[in-house]
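Have a glance at the picture first, then read on.

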Amino acid sequence: MRTAFDASTIELVIRVCRRYAMAVAGTALAIWGRQLLQPFVGDECPFSLFYLSVIATAWMAGTGPAVFAIALGTFSAAHFFIAPSSSLYIQDAADLVQLLIFVFVNCVATFLFNRIQRQRSDAEKRSAENERLSQSLREADERKDQFLALLAHELRNPLAPIRSSLALLERKEDSPEVVRRVRDIIQRQARHLVHITDDLLDIARFCRGKVQLQVARMDLRDAIRDAVEMSEDLIRSKSHRFQMLVPNEPAWVDGDHVRLAQLTSNLLNNAAKYTPEGGRIMLQVEVIDHTATIAVSDNGIGIPPTEVSRILEPFMQIDSSRTREYGGLGVGLTIVERLTSLHGGNLSISSRGPGMGSCFTVSLPAAANESTPSAPPPQRAAAPFAGGNEPSDRDAIDVATRPRRILIVEDNVDAAAILGELFESEGYAVTLARDGIEALQEVHRQSADVILLDIGLPGMDGYEIAKRLRRTNVKSRLIALTGWGGDVDHNLSRQAGFDIHLVKPVPFGELLQYVEATTQSAPRGLATGTSPGGDDGYTELTG
């Protein structure tokens, strides 16, 4: 360390000496040249060549050496070329004025040179920065194109079997077997589309810092079991040998049950996807000292050493070829890393190389042991009832309390027609409206117990319709059924007077429960702005 310091100091001293040596050499050349001109000019123009030495020094060596050259030139001219010679004394006022002018002009010239050099340096820096920004923009544009191509590919994959299934259904619509197969295919592919959309929304929320955890003391094993349940279909479809090792005692952590289950499920899905059929996957949970770890290992394709640092970047995949053997958007591990960080933990990745498998380990701060049993896992949505993909307690609801008339406001004709038929099959009287004007006319023509209202409508959006309905004291329960699901959209729905905000797509069984549950309480009290559903009469739900 000392040797390196000494070497750098010596190098710096050498550079400084070289710069000031230029001032000395320039002044010496000026003295020599002026002596050669002495027989021709005599005592006239004693500073002529010293101007050149100062300017040359300022250009080649910088400000400090230039100032040193001014001093050397001043003393040299006074000593050698201004009478009386061999003395610094100046007896003629004209010579003194010339000397002062020499000093002033060269100081100004040195300042201008310094300014020009700074401007040139700043211009070079700006040019380098612009080039870097241009390169970043080109890379971002390339990544955007790659992402759009990837997203289009991933969306076409589930859409293709849906279109093919519908074509088959047109030809064999009377076959119960074909109808069953088409139904199963569409359900599977629709779940896949929803999964892609949820991943994209999660990434957007992480980028905006909008993800908030519902932290509570919990047994990590409960989230692990939910994650295994979510991933078991994919693991089973590829015939993997799956082994899970969890402690017999509770693994207490302070965390979000749903997000920790999502985190673990993403790791399991990633292992299942990148492990060839018939591979081995192990999930191990341990609590050592004050740290709880979740380790998912496999004997899959592994990770090249050069890709380990990049694998957590959004939309980054090891397989970037057009064959797309493994599929996916490449955001699963990014979500894992962000969720781990939000829980105060860290994610480590290890792999011995391509074809040698990999291991992802999530380390979380362990909580103190609890003497009471863990709380049951939270429900999927903050609904005023136990919601699920399909209704399980619908028969227990008093039929007399069901809303009998529903108004569906949707500009997508096919979506509205199918939804209307589904509600009619449940015994509801259904009215359809395609835009805001038609919806308001239908409401004033005959009242509806529940209004399912899309937001993105032609002419008048759903927010404006809801506001007009509330201003006219319409007592119907308003449910926003829309593709807009951001925080701003939820706030706008609340302000407009909606009772529930649902984000498409919502399984019909779940939507039916939402509709039925809205009438289990008294109608919305517009005079006070409150209802049993909450302090402001509004429930945020994401289906």
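Here is a short tour of a sheet and of some helix packing.

This is a predicted model, where local features need pLDDT of at least 70, side-chain atom pairs count only at pLDDT 80 or more, and totals for chains, interfaces and linings use all residues. Residues are numbered from 1 along each chain as its sequence is written, and side-chain values use heavy atoms, with hydrogens and water left out.

Start with the sheet: it is open and mixed, with 5 strands in the order β2-β4-β5-β7-β6. Strands here are DSSP runs of E with at least two residues, helices are runs of H or I with at least four, and both are numbered from the N terminus. Two strands pair if DSSP finds at least two bridges between them. β2 and β6 sit at the edges with a single partner strand each, so one side of each has no neighbour in the sheet. From one strand to the next, the twist averages 10°.

β4 and β5 run antiparallel to each other and share 8 bridges; E286 has T293 in β5 as its bridge partner. Helix α8 packs on this sheet and touches β6 and β7, contact meaning heavy atoms within 4.5 Å.

Now for the helix directions. Angles run from 0 to 180 degrees between N-to-C directions, and axes are lines fitted to C-alpha atoms, for helices over the stretch in contact.

| Pair | Angle |
|---|---|
| α8 and β7 | about 25° |
| α9 and α13 | about 65° |

The axes of α9 and α13 are 12 Å apart. L419, L422 and F423 in α9 meet F508, L511, L512 and V515 in α13.
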